[in-house]
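I am opening a new page for this chain.

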Amino acid sequence: MQQSKEQWLATRTDPMNWPNNEYFQLLIDKAWQLNVELRSSKIHELWYYRPDSRTIYIWEPDLINEPLAYLLTVFGHELGHVTDFDRHPEFVARTKDLHYSNVPWDIELSGFVSGFRLLSELGIPLAPETFAFFIAPPMQQQVLEIIQAGPQQSRESA
Ligand SMILES: [Zn+2]
């Protein structure tokens with residue numbers, strides 16, 4: 001029982017200054033299809049996903065201050081977490097008592113890889129190098145190596 005997009009926007013998202021951009025809107029549509037809430041983050045500069053309430057928290061000032069490529073990367077990453085947590089219920093138990101800034105390495109890495117693949121599936125033309133630019137080393141290099149290897153490899157192996 002999928003809500004209409006209008007109903008979802010009205011009840012399960014905070015009003016925010018969403019970028020008026022077709023690719024960003026595709027990610028909003030994806031959040032709607034995945035039945036995720038979008039709420040304003042109260043933690044400085046932090047975007048994060050809470051699987052218990054199925055909510056992505058968005059650091060609102062980024063929507064105005066950061067370049068579109070950054071927004072696609074970070075929103076894609078959070079949606080990557082949503083699909084990962086859906087596929088791997090054990091991720092929920094492993095992160096239950098952890099702070100959002102202390103996510104296990106493999107879960108964080110997987111969120112980036114799944115996020116990049118989600119962007120690709122949606123036809124959002126973000127180069128692997130551009131996506132990885134916004135990731136801090138040393139994870140940056142690991143993500144880049146995996147996403148440059150192509151979509152057919154290591155989807156379930158990590
Ligand atoms: Zn993450």
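In what order do the elements of the chain run from the N terminus on? I read them off as α-α-β-β-β-α-α-α-α-α-α. I note that the model is a predicted one. The tally for the chain is eight helices and three strands.

Entry on overall dimensions. I looked up the radius of gyration of the chain, which is 15 Å. The globule rule gives 15 Å for 158 residues, so the chain is as compact as a globular protein of that length. Along the principal axes, the C-alpha atoms fill a box of roughly 40 × 35 × 35 Å. I also checked burial: 25% of the 158 residues are buried. Of the contacts with a separation of 6 or more, 63% come from residues 24 or more positions apart.

Entry on helix 2 and helix 4. I took helix 2 as residues 22-33 and helix 4 as residues 68-87. Their axes come within 10 Å and cross at roughly 15°. Angles under 35 degrees count as roughly parallel, so helix 2 is roughly parallel to helix 4. I logged the crossing of helix 2 past helix 4 as left-handed.

Which residues of helix 2 and helix 4 meet? From helix 2 I listed Y23, F24, L27, K30 and A31. From helix 4 I listed L68, L71, L72, F75, G76 and L79. The residues of this contact divide into nine nonpolar, one polar and one charged.

Entry on the cis peptide bond. I found that the bond from P137 to P138 is cis, with omega near 5°. P138 sits in the loop between helix 7 (128-133) and helix 8 (139-148).

Entry on positive phi values. I noted N35, a residue other than glycine, with phi near 60°. N35 belongs to the loop between helix 2 and strand 1 (37-40).

R54 is in the loop between strand 2 (48-50) and strand 3 (55-58). Why does R54 count as partly exposed? I found 15 other C-beta atoms within 10 Å of R54. A residue needs 20 or more to be buried and 12 or fewer to be exposed, so R54 is partly exposed.

Methods. Residues are numbered from 1 along each chain as its sequence is written. This is a predicted model: local features need pLDDT of at least 70, side-chain atom pairs count only at pLDDT 80 or more; totals for chains, interfaces and linings use all residues. Axes are lines fitted to C-alpha atoms, for helices over the stretch in contact, and angles run from 0 to 180 degrees between N-to-C directions. Helices (H or I, at least four residues) and strands (E, at least two) are DSSP runs, numbered from the N terminus. Angles under 35 degrees count as roughly parallel, over 145 as roughly antiparallel, 65 to 115 as roughly perpendicular and the rest as oblique. A crossing is left-handed if the near helix is turned anticlockwise from the far one by less than a right angle, and right-handed if clockwise. Two residues are in contact if their C-beta atoms, placed from the backbone, lie within 7 Å. Ala, Val, Leu, Ile, Met, Phe, Trp, Tyr, Cys and Pro count as nonpolar, Asp, Glu, Lys and Arg as charged, and the others, Gly among them, as polar. The radius of gyration is taken over C-alpha atoms; the globule rule is 2.2 Å times the number of residues to the power 0.38.
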